[in-house]
Amino acid sequence: MPERTITLDGIEPLEFYGVANSNLNRICDLFPKLKIVARGSVLKVLGDEAELDRFEEKMKALVAYATKYGHISPEVIGQVFSEGLHGAEEAQGKDTIVYGNGGLIVKARTVNQQRLVQLYDDNDLLFAVGPAGSGKTYTAIALAVRALRNKEVKRIILTRPAVEAGEKLGFLPGDLKEKLDPYLQPLYDALNDMIPAAKLRKYIDEGTVQIAPLAYMRGRTLDNAFVILDEAQNTTLSQLKMFLTRMGRNAKFIVTGDITQIDLPRRSDSGLVRAMELLREIEGIGIVEFDQRDIIRHRLVKHIVKAFEQEHQEPPAAEKNR
């Protein structure tokens with residue numbers, strides 16, 4: 001009996017086959033005349049020659065989809081096998097940035113998130129500033145993961161300034177990396193939503209994904225990379241200049257920050273606002289200013305942000321009564 005072997009190169013088999021083999025079962029249902037046996041990342045298929053040719057063609061399209069979006073489902077399998085790869089890609093929706101783990105759909109969910117995605121196509125440097133919970137960093141990381149999957153870049157580099165937010169770094173246990181990891185944890189959290197754990201560990205070990213404090217950027221030239229500087233409100237103007245001048249060939253940079261959460265000893269030391277003023281009119285640089293309407297965390301977060309903004313703007317009650 002004719003036989004074919006199909007290898008799932010670069011795809012996590014458990015993700016591809018689905019929970020309780022739901023995806024694999026859907027594939028088997030669509031080809032009842034074939035005997036399909038899955039062992040790890042290899043599919044062995046037996047049956048009629050013409051049916052094997054059709055199966056192999058559809059599987060190539062499905063593997064291409066899984067490689068690009070990092071996700072498949074029984075619904076996607078039906079679309080790929082009936083309408084082809086193009087039809088399945090159209091069905092995913094224009095606002096979807098990337099598919100994460102377990103079928104998580106990462107979309108641009110607000111006007112300014114959508115604007116950030118749109119500006120990405122025409123600009124190599126983007127500033128995304130706004131309040132906590134507005135999704136600026138998460139959207140930026142989703143764009144980075146999509147660029148890596150599409151082979152637009154060869155690596156993702158995520159960095160933050162190691163500035164203390166009320167706690168003292170020196171009192172934390174461990175070596176330098178262990179001391180800094182808590183500062184970088186929000187970046188790990190976003191990546192863990194979008195890249196399978198085993199693949200993320202491999203990417204980090206190989207240097208395909210790098211997460212490091214801002215000081216480690218000095219002296220580097222970042223070619224073929226998607227680079228995100230998070231918490232940029234805690235950088236000085238000279239630090240921002242150092243970071244931005246790391247940009248190499250075929251690089252995309254996104255700078256995110258919240259100017260209401262400056263942890264530097266003096267608020268005036270923050271260089272983020274001044275940097276945007278200096279660079280705003282340069283072609284190839286885009287700026288998106290998020291606001292309270294973009295906050296997508298718990299409904300109370302919007303009210304908390306608004307209350308603290310009013311406190312910052314208004315003089316204390318004691319001064320009002322003088």
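pLDDT is the predictor's confidence in each residue, on a scale from 0 to 100. This structure is a predicted model, and its protein chain has a mean pLDDT of 83, with 83% of the residues at 70 or more. Over residues 165-169 the pLDDT falls below 50. That stretch has six contacts in the model beyond near neighbours in sequence.

**Helix α6**

- Helix α6 covers residues 136-149, and its end C-alpha atoms are 20 Å apart.
- Of the 14 residues of α6, 13 are buried, so the helix is largely enclosed by the rest of the structure.
- Lys151, which follows α6, has a positive phi, near 60°.

**Largest nonpolar core**

- The largest nonpolar core holds 36 residues, and Ile141, Leu191, Met194 and Phe226 have the most contacts inside it.
- Two or more residues each come from the helices α5 (111-120), α6 and α7 (176-194), and from the strands β4 (96-99), β6 (125-129), β7 (155-160), β8 (209-213) and β9 (225-229).
- Helix α6 gives the largest share of this core, with eight residues.

**Phe226 and its contacts**

- Leaving out residues up to four places away in sequence, Phe226 touches Ala140, Leu143, Ala144 and Ala147, among others.
- Other contacts of Phe226 include Tyr120, Val153, Arg155, Ile156, Ile157, Lys252 and Ile254.

**Another core**

Technical notes
Residues are numbered from 1 along each chain as its sequence is written. This is a predicted model: local features need pLDDT of at least 70, side-chain atom pairs count only at pLDDT 80 or more; totals for chains, interfaces and linings use all residues. Side-chain values use heavy atoms; hydrogens and water are left out. Helices (H or I, at least four residues) and strands (E, at least two) are DSSP runs, numbered from the N terminus. The expected span of a helix is 1.5 Å times one less than its number of residues. Buried means under 20% relative accessible area, exposed over 50%, partly exposed in between (1.4 Å probe, protein chains only). A nonpolar core is a set of buried Ala, Val, Leu, Ile, Met, Phe, Trp, Tyr and Cys residues joined through side-chain atoms within 4.5 Å. Contact means heavy atoms within 4.5 Å.
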